[in-house]
Amino acid sequence: MTNRSTILVVGAGPAGLTAATELARTHQVVLFDRESAAGGIPRHSAHTGYGIRDLHRVMTGPNYARRLVERAREAGVDIRTESTVTGWAGDHSLVVTSPHGRVQWDADAVILATGARERPRSARLIAGDRPAGVLTTGQLQNMVHLHHRTPGKRAVVVGSELVSWSAVLTLREAGCDTVLMTTERSRPESYALFHHPARVLLSTPVSTATRVVRVIGRDALEAVEVEDVRAGSRRIVECDVLVLTADWIPDYELTALAGLDRDRGTRGPRVDMSLRTSRAGVFAVGNLIHPVDTADVCALDGRQVAGAVRSYLRDLGMGEHSSAAEGSASDSSAAEGSLPDSSLPDGAVIQAVAPLRWIAPSLIRAGDHAPARRRLLLWSDEFRLSPRLVATQDGREVGRLTIPWPAVPGRVLRAPWALLERANPAAGEVRVTLG
Amino acid sequence: MISDNHLDTSVDIAVIGGGLVGCAVARELAGYQLSVALIEARADIGDVTSKANTAILHTGFDATPESLESKLVRRGYELLGDYSIRAGIPIERTGALLVAWTDEELATLGKLAAKAVANGYELCELVDADEVYRREPHLGLGALGGLTVPDESIICSWTTALAYATEALDRGATLLLNHRVDSVERTGNATVLRTNSGDVRATWVINCAGHGADIIDRHFGFERFTVVPRRGELIVFDKLARSLVSSIVLPVPSSRGKGVLISPTIYGNVMLGPTADNIEDRTATGTTEAGLASLLDKGRALMPDLLDEEVTAVYAGLRAATEHDDYVTAIDAAQRYVLVGGIRSTGLTASMALAEYVAELLRGAGLQLIQRDDLPPTRRMPNVGEAFIRPYADSDRIAADAEYGKVVCFCERVTRGEIRDALESPIPPTDLDGLRRRTRALMGRCQGFYCGAEVEKLLRGASADIEVSS
């Protein structure tokens, strides 16, 4: 069976919902999510602090998710949950499995908003036994908030980023003490202390320059072995829960299956300032391209991409509402055949130099305007109180900025667009260094 | 039927050990006019060595010629190859390529080719370095040559054990789970196996106890071998790595020590391993820092691109090695006891031939084996192989039953329908690991980030008294 829509969006988190909502005012939009409810990750997070930059209010995760879903419905987005996109059937065609069947969906534009997840224990190559009780934050929140189960009594939390503290709070709600937080970095990311009830957080012991090297316990978790990275000394910490936080990886399966160019730093698709990927008509937004920033920043990607998608459709000769009238025609080949030569202009790749791990977007194409919120997003593996960023192209400096807020490992560093505004899309690779 | 209770059981044949070999033997003997009990200490079949192997269906090209292992692997290759078609066990005929990286290894390839012929396998072919890279373009630099083994295949060892045990049950055998044999008593014409869940009285006892086979053997008064567990650690890479490898890339044994292999898995991933450490603890299935580090080192040299991909899983399995070079089998007609021990990783391939061999031994000892003429047809197992159509991709199945359109485990695309089927199957899973072996649920790249809690709920919902652990 084949269906058709002008625009397909994959992933109903903040980025996908916002993109779909913006575009539904002018075009037919179908939004897929594999979960049984739309809303994405905020659904699982009971804490407040959502919606500040996009909705200009402060809400809890579930309320924020609900609001975004309501807005999308009101705008006319066709939201299809329990719909797993399993692959591509063409440049702008997706194959979708849902209880209603297995359907090919053809479109003119596709927006990928598949998000990011935390690396599980296996991908972190932590040796030892394989007992129950080793969780990521996502699993923990799912278990506590959606399934109302108690994870255990004594937890060790790996990581000391925002999400790690969020895990501590979730554990506390579930009656589980955090006996130790570990971070391989030399200082904890104290940022979170200003955002959460300090009493809880200050009573949580944090070991810096420490890593978990072994899991102990055959059936149930009994302890972990931790190593002081500098001294090389090791000790055993008893616990019945191990929460592995942060260490984000985008869900890039559809990106890779399409053969889109990927950024080595984020591992997600490489996009330009308009959030266009290497395939004309395929766009990417949210934590798929910057693992990870806050939900509201993801949502604003959704607004940014809407303009680019509209302009792409205009170039295709598709007026607004033009294909909404077509409804669900079952002819797939016509659309593919009618595409004009819409090859994308080349651009300059932006390379983040260590200790910067990545920058997003990481491509400037001719005609690109400023990125979402006029902000570039960067990830630094080192702390800087007043980060100095320098952009060079072909040995020449094209931008230099000192940012009045710190670069903190484990959270996105947002930098003004002015850094790259003068870069030339035709002059080759741009290198961004942190001083 | 599955019996979990403490009532005593009395049968013609008791098979100790619900691994691949024990399940195959129980299935075979249940095909005769005999009552059979399959006794397993753990809560599920195939839960020890059989679940953590390299899952290769071997031609036996490199076995020791004239050994029992060589004979049974060759025969087993044919038997299981045929059975997999009937029972719906996923199998992929990928072929294998041995790759030489040193002059010594290159010289060994020629000897291996001759050995293959001595083992009755004549299709191996020596190839030069260009051909090696043509076949496996992602190999690291420095390959000098190779030897092809076109018929080496990959197979699902989980489904194999389950298919054997399910057919044994269909043929009327009794499966006694959670029955650990603690002692053995000979009384007149029978043996009484004292287990932690009651006695099992049997005329004949077949010892397929894997890591415990030497201990059971001692209960019968023998001192003929000792199981030395050999731990093998494995790293499984993301499905997106699958296109990097087309066949099983095997190491050439040399003075550098045993190399590791890179192989596609039947679930669409790529596997790197195994290590080989002789250890004391027969339950030490944890991974080690040293083991994982050594695998990454070897993998980096073998196929650098592979290391760029995400790791989906790491695990360790134990092979039941002994001081003997061959399988250790024997029959004691006086005690009516058969030993099938020292079955190493080739046991998956040899399993059905071993079962046939046990039947021959019994016949030789005077047991009347009369084929039943009312055998039920072989049931087709649910497909968990990536190369075959799975329910999420099967429009007809989803149209007939919407549960096959409800994807629960996103990474592995396991549907509610499949989980339901597993829970309602003749040998249902008792924990998450068992569910994973039957459906692939939770074995994907996110390892439960998205669906862990949901899948656990389905499992818990199935039975209030099921204990969930993973």
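Contact here means heavy atoms within 4.5 Å. The model is predicted. With that cut-off in hand, take the pair formed by helix 4 and helix 5 of chain A.

On the helix 4 side, the contact residues are A:Thr137, A:Leu140, A:Gln141, A:Val144 and A:His145. Helix 5 of chain A meets them with A:Val163, A:Ser166, A:Ala167, A:Thr170, A:Leu171 and A:Glu173. By class, the residues of this contact are five nonpolar, five polar and one charged. Now the geometry. Helix 4 spans residues 137-146 of chain A, and helix 5 spans residues 162-173. Their axes come within 10 Å and cross at roughly 30°. Angles under 35 degrees count as roughly parallel, so helix 4 and helix 5 of chain A are roughly parallel to each other. The crossing of helix 4 past helix 5 of chain A is left-handed.

Next, a sheet. Strands of a sheet pair through backbone hydrogen bonds, either parallel or antiparallel. Chain A has an open sheet of five strands with parallel pairing, in the order 6-3-2-10-22. Strand 6 (78-80) and strand 22 (282-284) of chain A are its edges, each pairing on one side only. Neighbouring strands of this sheet are turned by 20° against each other on average, direction ignored.

Look at one pairing within that order. Strand 2 (residues 7-10) and strand 10 (residues 109-112) of chain A run parallel and are joined by four bridges. A:Ile7 has A:Ala109 in strand 10 of chain A as its bridge partner.

Helices lie across these strands. Helix 1 of chain A, residues 14-24, lies across strand 2, strand 3 (29-32), strand 6 and strand 10. Its direction is at about 170° to strand 3 of chain A. Helix 8 of chain A, residues 295-315, lies across strand 2, strand 10 and strand 22. Helix 8 runs at about 160° to strand 10 of chain A.

A:Thr392 stands opposite A:Glu397 in strand 28 of chain A. The two strands form a hairpin with two residues between them. In that hairpin, A:Asp394 takes a positive phi near 55°.

Strand 27 of chain A has another antiparallel partner, strand 30 (residues 430-434), joined to it by five bridges. There, A:Val390 stands opposite A:Thr433 in strand 30 of chain A.

Notes. Residues numbered from 1 in each chain as written. Chains lettered and ligands numbered in written order. Predicted model: local features only at pLDDT ≥ 70, side-chain atom pairs only at ≥ 80, totals over all residues. Heavy atoms only, no water. Pairing = 2+ DSSP bridges. Axes fitted to C-alpha atoms, helices over the stretch in contact; angles between N-to-C directions. Parallel < 35°, antiparallel > 145°, perpendicular 65-115°, else oblique. Left-handed = near helix turned anticlockwise from the far one by under 90°. Nonpolar A, V, L, I, M, F, W, Y, C, P; charged D, E, K, R; others polar.
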